[in-house]
Amino acid sequence: MSSLFSLEGRTALITGGSRGIGRMIAEGFLQQGARVYISARKAAHCDATAEKLSELGHCVSLPADVSTREGIDGLLAAYREHEDSLDILVNNAGAAWGAPFDEFPESGWDKVMDLNVKAPFFLTQAAKPLLLAARERSGRPSKVITTASIDGLSVNPLETYSYHASKAGVIHLTRRMAVRLAPEGIVVSAIAPGAFASTMNKDARDRGDEIAGDIPSGRIGVPEDMAGAAVYLASRAGDYVVGETLVVDGGVTINR
């Protein structure tokens, strides 16, 4: 049991790792012994976060825009300058867009779907050789974890049409990729967060006490909640969890 949740000797690449959910996951992985590489579109933020997280262990900044194939290829080329295999890929980079139904723009659809749905698929596809190399090296499954959302499971009052659709798509994409890749030793799963304070979830960040009243657990999520879920899926403990979406929301979804 002492090694069940260990990530010692494992490498991880986390998109959207400079803040919010991605940073929480990065911290948890570092504390469990992984070598962590974080990516984000804004280089200054990514570099600053990696410098801070390096106090916990090996953390390197690899800025990139994974919403395009060029960005994906550039990210993996930069990663290969440091490592020749990849144990854990976390597809966490995401975007949201809100607008009334009659005014919702095509740009708000394309931006969100490109980053939230297309990027996880094509990054996983492009990273497959690295994931297989890690499987061969370690004799253990490699992991792909994608950040979904409880908004992909149920509807909230916000008019975030492309976000809702994208996160529902990610949940089903997780299942489809999991079935395809499990026989090759790559385990795919997802996490569906509820209210965690972040730049994307400003309500949880700015009105946490108020929002807590609608959560059965009586509080919003804290970094340890997200880190624990991600470490579980990434470690030996989660090797037999294939294609599932782990809901981490304090009971919100089942209470709606």
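The legends below describe close-up views of a predicted model. Local features are given where pLDDT is at least 70 and side-chain atom pairs where it is 80 or more, whereas totals for chains, interfaces and linings use all residues. Residues are numbered from 1 along each chain as its sequence is written, and side-chain values use heavy atoms, with hydrogens and water left out.

**View 1. Thr15 and its contacts with backbone nitrogens.** Thr15 belongs to strand β1 (residues 11-15), strands being DSSP runs of E of at least two residues and helices runs of H or I of at least four, numbered from the N terminus. With a relative accessible area of 2%, Thr15 is buried (buried means under 20%, exposed over 50% and partly exposed in between, with a 1.4 Å probe and protein chains only). A polar atom of the Thr15 side chain lies 2.9 Å from the backbone nitrogen of Asn92, and the side chain of Thr15 also reaches the backbone nitrogen of Ala93, at 2.9 Å.

View 2. Arg23 is partly exposed at 25% relative accessibility, and Glu27 is partly exposed at 24%.

**View 3. Helix α4 with Trp109, Asp114 and Lys118.** Trp109, in helix α4 (residues 106-138), is partly exposed, with a relative accessible area of 37%. Together with Phe101 and Tyr161, Trp109 forms a nonpolar surface patch with about 330 Å² of accessible area (patch residues have over 30% relative accessible area and no salt bridge, and nonpolar side chains, namely Val, Leu, Ile, Met, Phe, Trp and Tyr, are joined within 5 Å, like charges within 9 Å; areas come from the Shrake-Rupley method with a 1.4 Å probe). In helix α4, Asp114 and Lys118 are 4 residues apart, about one helical turn, and their side chains meet in a salt bridge at 3.8 Å, N to O.

**View 4. The salt bridge between Asp239 and Lys143.** The side chains of Asp239 and Lys143 meet at 2.8 Å, N to O. This pair links distant parts of the chain, 96 residues apart, with Asp239 in the loop between α8 (223-234) and β7 (245-248) and Lys143 in strand β5 (residues 142-147).

Note on methods. A polar contact is a pair of N or O atoms within 3.5 Å; within protein, one must be able to donate a hydrogen and the other to accept it, and residues adjacent in sequence count only if both atoms are side-chain atoms. A salt bridge is a side-chain nitrogen of Lys or Arg within 4 Å of a carboxyl oxygen of Asp or Glu.
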